[in-house]
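Hi everyone, thanks for making time this morning. Have a look at the model on the screen, and I'll talk you through it.

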Amino acid sequence: MSTLTETAEEPRTTSARPAYRVTGRRVLASEWAKLWSLRSTWITLGLGLVFLVAFGLISANRYKSGITSGHMDHDFAGATAVSLSLFGTHFAQMALGVLGVLVTAGEYSTGMIRSTLAAVPRRLPVLWSKAVVFGLVALAVGTLGGFVAFLTGSGIVSGTPAAMGLSHAGVPRSLLGAGLYLGLVGVIGTALGALLRSVAGGISVLVATLMLIPGLTSLLPSSWKDHIGPYLPSNAGESMFAVTHDSTTLSPGAGLLVLLCWTALVLGGAAYRLARSDV
Amino acid sequence: MIDARQLTKRYGEKTAVDGLDFVVKPGTVTGFLGPNGAGKSTTMRMIVGLDAPTRGSVTVNGHHYARHQAPLQEVGALLEAKSVHPGRSAYNHLKALALTHGIPGRRVDEVIGLAGLGSVAKKRAGAFSLGMGQRLGIAAALLGDPRTVMLDEPVNGLDPEGVLWIRNLLKGLADEGRTVFVSSHLMSEMALVADHLIIVGRGRLLADTTVADLIREAGGDTVKVVTQDPARLRDVLAGPGVDVSGRIGSEELRVTGLTAREIGLKAAEHGIALFELSARTVSLEEAFMDLTRDAVEYHGTTTGTESVGRPA
């Protein structure tokens, strides 16, 4: 008996140490837990969802009241149930993109990154995990919000020229496209945060890319504008969820491809900086 | 076991760490001492791979930190108290770190208890006091049951009870056979816990020694004697292990190897009159300040600074 107790009390450092090990799946699990253990995640995702649904409903209602009163706004000419109900995408992308920036840059501003990288000193798995976890969450929220907005919005505009149903050609593709677009914006935000290591910097660049630069292209000569415009992240994204396409926009597939290239570019830059520089 | 070889870190023009060579051995507490700005934190950051060395290398338990399969099981580090997201609770912070390694939940509870955080574990870390933040950092350092524990200024912000807790913790960890490496700019604190000392100044190694050796080299226990007949007293005191020094024509002698009591008795025995007999023990603090005097980065402007620790 006594020998048994003695072996049990051997110092833990020499033998019988549990075999811990860092794996990709475990880093994913850690990033998943980190995301949901912050209040800002719940608030911002909730905001994104509210933006998507509420602005979709508001624009559908405005359209409907324009039809019934006979005073139709110029903006609504050629509107469809999809374009009306996905109106909130412009605002939801800000909420999701900003949360993406916070997921990475927030670790730098708080100092958490030192704990994170001391646990995973190979570093890159952290970036991939953050991008995957947050990209999927943003995709899920975007898709859910898009479908809810469409189902309620199309109910409002039924019986008007904009009316469309889920079975209408291109509608499911548009709604999934919107979810995918928001998911990729989330990944871009995550990558921008990791690249710039600053919450303010990441959000500024995100807002500039998605909202300011598309407006600035109108300053370019029209021949340039037609060549550059469609390839901007926001315009490429818009062609992913638009129902109708013309000569100045990309096809949904091409839009997705262009946006994927932008995402890969920023993510590559973020990976380079993460692997190379001190924290 | 930490092994640094020619470890160097340069930030632009400034060299923060300059060719450090040292080994930190298991089973003892090794103090890492130096004035502010001596490069202690930078060295520790390089050990866990947060900063890449400009030149040289440092390994932990035989490998570079990032090469280990379970880094938290090799080195548990407290670098800065604020390495925590203030919006996350202490429990969730530790849980997230544990998940990367597959460390079970009961170990998280264990270190929370060990660090005395039980009552605040579910509170946001941002609301923690400096001392509580420090305890959370230490809980994180111990999470992987690491073979090497490395703490940067662990007693900062702790109350006396916390300081005592840290001292006992460090000694306990060393007794279990772990490598314990602790930095401080306070010699007095280190003297109470460390057996071995690595002293740096301006990024350079100044001493790699034990506490006892450091005192001996800095002048040890000298006794100052002023007597009427220094020549005779010299002869009377002479013996193995005894060193007597003094200027010719002066009544003052400095004796090492004998206590003041022994000198007094011998002088009385031979009827030699003594005017003064005083033991001058060099404190560790003085020895440390002597060593780092030229390496102090930021001198105070108080006129007294220059004479502290080196009686004329």
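Let me begin with pLDDT, which is the predictor's confidence in each residue, on a scale from 0 to 100. What we have here is a predicted model, so local features need a pLDDT of at least 70 and side-chain atom pairs count only at 80 or more, while totals for chains, interfaces and linings use all residues. Residues are numbered from 1 along each chain as its sequence is written, and chains are lettered from A and ligands numbered from 1 in the order in which they are written.

Confidence, then. Chain B has a mean pLDDT of 88, with 92% of its residues at 70 or more. The stretch to treat with care is residues 303–312 of chain B, where pLDDT is below 50 and the model has eight contacts beyond near neighbours in sequence. By a contact I mean two residues whose C-beta atoms, placed from the backbone, lie within 7 Å. For chain A the mean is 87, and 93% of residues reach 70 or more. Residues 1–14 of chain A stay under 50, with ten contacts beyond four places in sequence. Where pLDDT is low, the predicted coordinates should not be read in detail. For the model as a whole, the scores are ipTM 0.87 and pTM 0.85.

Now chain A. Its secondary structure is twelve helices and zero strands. Helices here are DSSP runs of H or I with at least four residues, strands are E runs of at least two, and both are numbered from the N terminus. Of its 279 residues, 46% are buried. Buried means 20 or more other C-beta atoms within 10 Å of the residue's own; exposed means 12 or fewer, and partly exposed is in between, with C-beta atoms placed from the backbone.

On to chain B, which has eleven helices and 13 strands. Its C-alpha box is roughly 75 × 45 × 40 Å along the principal axes, and 42% of its 312 residues count as buried. The domain assignment gives domain 1 at 2–209 and domain 2 at 221–281; bounds like these come from an automatic or database assignment. Taken over C-alpha atoms, the centres of these two domains of chain B are 47 Å apart.

Let's zoom in on a strand pair. β5(B) and β6(B) run parallel, with four bridges between them; two strands pair if DSSP finds at least two bridges. V75(B) sits opposite T148(B) in β6(B). Strand β5 of chain B, residues 75–78, is covered on both faces: V75(B) and A77(B) are buried on one side, G76(B) and L78(B) on the other. In β6, residues 148–152 of chain B, we find M150(B). Why does M150(B) count as buried? Because M150(B) has 26 C-beta neighbours inside 10 Å. Beyond four places in sequence, M150(B) touches M44(B), I47(B), V75(B), A77(B) and F181(B).

I47(B) brings us to the largest nonpolar core, with 150 residues, where I47(B) is one of those touching the most other members, along with A191(A) and L94(B), among others. A nonpolar core is a set of buried Ala, Val, Leu, Ile, Met, Phe, Trp, Tyr and Cys residues joined through C-beta atoms within 7 Å. Helix α8 of chain A, residues 171–196, gives the most to this core, with 14 residues. A second, separate core has ten residues, including L233(B) and L258(B). L258(B) lies in the loop between β12 (252–256) and α10 (260–269) of chain B, and L258(B) is buried because 20 other C-beta atoms lie within 10 Å.

Last, the interface. How many residues does each chain bring to the contact? Chain A gives 33 and chain B gives 38. On the chain A side, the elements giving two or more residues are α2, α3 (39–69), α5 (89–110) and α6 (112–119). That side divides into 14 nonpolar, nine polar and ten charged residues. Here Ala, Val, Leu, Ile, Met, Phe, Trp, Tyr, Cys and Pro count as nonpolar, Asp, Glu, Lys and Arg as charged, and the others, Gly among them, as polar. Thanks, everyone!
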